Amino acid sequence: MLASTSLIKSSWIAVDVARDRAERVLVVETYIAVSPLEPNYDAAQYERVLACVQNVLKSHPEIDRASILSMHRGSGCTALFRDQSAKQSAAA
């Protein structure tokens, strides 16, 4: 799980409000290109990010859906993507 987090720059929860409902959307910025049309698209790495995001959605049913944004460079990732067991062992 922690190897996947290195591909994630940041994430946040956005609220998409329509006339009849509001949805919580997990928005993820990644270090990799997310479109096969981009020259540096890496399908294997994208699958790792996708698996990580799906795991977060499974662990947090209050989030309705996710959106993954294009490649960015920077540092940091959010605690939402860190494995609970890794956090507990780091705290010990």
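Analyst: The account below starts with the basis of the model and the fold, then turns to the salt bridges, and ends with the aromatic residues and the core.

The structure is a predicted model, in which local features need a pLDDT of at least 70 and side-chain atom pairs count only at pLDDT 80 or more, while totals for chains, interfaces and linings use all residues. Residues are numbered from 1 along each chain as its sequence is written, and side-chain values use heavy atoms, with hydrogens and water left out.

The protein has 3 helices and 3 strands, and from the N terminus on these elements follow the order α-β-β-α-β-α; helices (H or I, at least four residues) and strands (E, at least two) are DSSP runs, numbered from the N terminus. Strand β1, residues 8-17, runs antiparallel to β2 and is joined to it by 9 bridges, where two strands pair if DSSP finds at least two bridges between them. The two strands β1 and β2 make a hairpin with 4 residues between them, and within the pairing Ile8 stands opposite Thr30 of β2.

As for the salt bridges, a search of the whole structure finds 5 of them, each being a side-chain nitrogen of Lys or Arg within 4 Å of a carboxyl oxygen of Asp or Glu. One of them brings together the side chains of Arg65 and Asp16, with an N to O distance of 2.5 Å. This pair links distant parts of the chain, since Arg65 belongs to strand β3 (residues 65-71) and Asp16 to strand β1, 49 residues apart. Both partners are partly exposed, Arg65 at 33% relative accessibility and Asp16 with a relative accessible area of 38%; here buried means under 20% relative accessible area, exposed over 50%, and partly exposed in between, with a 1.4 Å probe and protein chains only.

Arg65 also forms a salt bridge with Glu23, whose closest N and O atoms are 2.4 Å apart. Glu23 lies in strand β2 and Arg65 in strand β3, so this pair ties together parts that are 42 residues apart in sequence. Glu23 has a relative accessible area of 17% and therefore counts as buried.

Another salt bridge joins the side chains of Asp64 and Arg24, at 3.5 Å from N to O. Here, too, distant parts of the chain are linked, with Asp64 in the loop between α2 and β3 and Arg24 in strand β2, 40 residues apart. Asp64 is partly exposed at a relative accessible area of 38%, and Arg24 is partly exposed at 34%. Through salt bridges that share partners, Asp16, Arg21, Glu23 and Arg65 are joined into one network.

The whole structure holds 1 aromatic pair, taking rings of Phe, Tyr and Trp (its six-membered ring) as paired if their centres lie within 6.5 Å, with planes under 30 degrees apart counted as stacked, over 60 as edge-to-face and the rest as tilted. The pair consists of Tyr41 and Tyr46 and is tilted, with 6.1 Å centre to centre and 45° between the planes. Tyr41 is partly exposed at 26% relative accessibility, whereas Tyr46 is buried at 18%. Tyr31, in the loop between β2 and α2, is buried as well, at 15% relative accessibility, and its C-alpha atom is separated by 9.7 Å from that of Val49, 18 residues away along the chain.

Val49 leads on to the core, for in the largest nonpolar core, which has 14 residues, Leu26, Val28, Val49, Val53, Ile68 and Phe81 touch the most other members. Both β2 (22-30) and α2 (43-59) supply at least two residues of this core, and the largest share, 5 residues, comes from α2. By definition, a nonpolar core is a set of buried Ala, Val, Leu, Ile, Met, Phe, Trp, Tyr and Cys residues joined through side-chain atoms within 4.5 Å.

For the protein as a whole, 26% of the 92 residues are buried. Of the contacts (heavy atoms within 4.5 Å) with a separation of 6 or more, 63% are between residues 24 or more positions apart.
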